[in-house]
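Grab a pencil and work through these exercises with the structure open beside you. Try each task before you read its solution.

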Amino acid sequence: LQDKGDPVPFEDIRAQIEEELDATLEELFDRFDPEPLGTASLAQAHAAWLPDGTPVVVKVLHAGIEHSVATDIRAMRTLFITGRILRRDRNEMEQIFTEIQERLEEELDYYKEAANLEFFKRELAHIEGLRVPGTYGSLSTERVLTMDRIIGAPLDKFLESATPEARQRAGTILVASFHEQVYRIRCLHADPHGGNYLFHTDGSVGLIDFGCVKRLDLWWMAR
């Protein structure tokens, strides 16, 4: 998540989590930071600590976001297909729109994102220096996702002070990660903006936010 959106009041976040998980925050977590780590168009994230002290991140979908997304999808379809803003034929535009719609709808289901996280964590575990958070099923629902917290700096902050060795290591890790995603597991982290990479001073990289992934079929790869 980026940290530039207007935050949702903490009491609203508390109410949503307690309704989804059927327990109070005090019963679920040892500590829960009321100040958000970041707020984006779809969700808000908070730092928390499990009863055993494990640091986690709790991501909560905004209330009513499904209706907003449905409205945006209808407007987008009009622009893409009726307006032909890319000046492509109708069949091609239908395919583009369908792809966008499917990826957006996937981001509204945290069960799917949790499954994506566990898949990528397992399949990329052999890349030294790459970290993908694990998830906590008993503390997650379709609208609430609890995962390991990965500490790191965004790319711009990392580059301000990183040594040449750390930069080289980070670049090598990213190249290895993308190679594995495309050519071995054929499943791509499809939201590669700066807010989804966290860099440690030693050049290790945390990869987060797996709401949007793209699975590549063999026919597409063969082309």
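**Exercise 1.** Does Asp22 count as buried or exposed?

*Solution.* Some ground rules come first. This is a predicted model, where local features need pLDDT of at least 70, side-chain atom pairs count only at pLDDT 80 or more, and totals for chains, interfaces and linings use all residues. Residues are numbered from 1 along each chain as its sequence is written, and side-chain values use heavy atoms, with hydrogens and water left out.

Step one is the cut-off: buried means under 20% relative accessible area, exposed over 50%, and partly exposed in between (1.4 Å probe, protein chains only). Step two is the value: Asp22 has 71% relative accessibility, so Asp22 counts as exposed.

Now find its place. Asp22 sits in the loop between helix 1 and helix 2 (25–28); helices (H or I, at least four residues) and strands (E, at least two) are DSSP runs, numbered from the N terminus. Asp156 is 134 residues away along the chain, and 40 Å separates the C-alpha atoms of Asp22 and Asp156.

**Exercise 2.** Work out how the rings of Phe10 and Phe32 are arranged as an aromatic pair.

*Solution.* You describe a pair of aromatic rings by the distance of the centres and the angle of the planes. Rings of Phe, Tyr and Trp (its six-membered ring) pair if their centres lie within 6.5 Å; planes under 30 degrees apart count as stacked, over 60 as edge-to-face and the rest as tilted. By this rule you get five aromatic pairs.

For Phe10 and Phe32, the centres are 6.0 Å apart and the planes make 35°, which gives a tilted pair. The two residues are 22 apart, and they link distant parts of the chain: Phe10 belongs to helix 1 (residues 10–21), Phe32 to strand 1 (residues 31–39). Phe32 is buried, as its relative accessible area is 13%.

Compare Phe119 and Phe120: at 5.5 Å centre to centre and 90° between the planes, this pair is edge-to-face. Phe120 is buried too, with 0% relative accessibility. One more thing to spot: Phe10, Phe29 and Phe32 make up one aromatic cluster.
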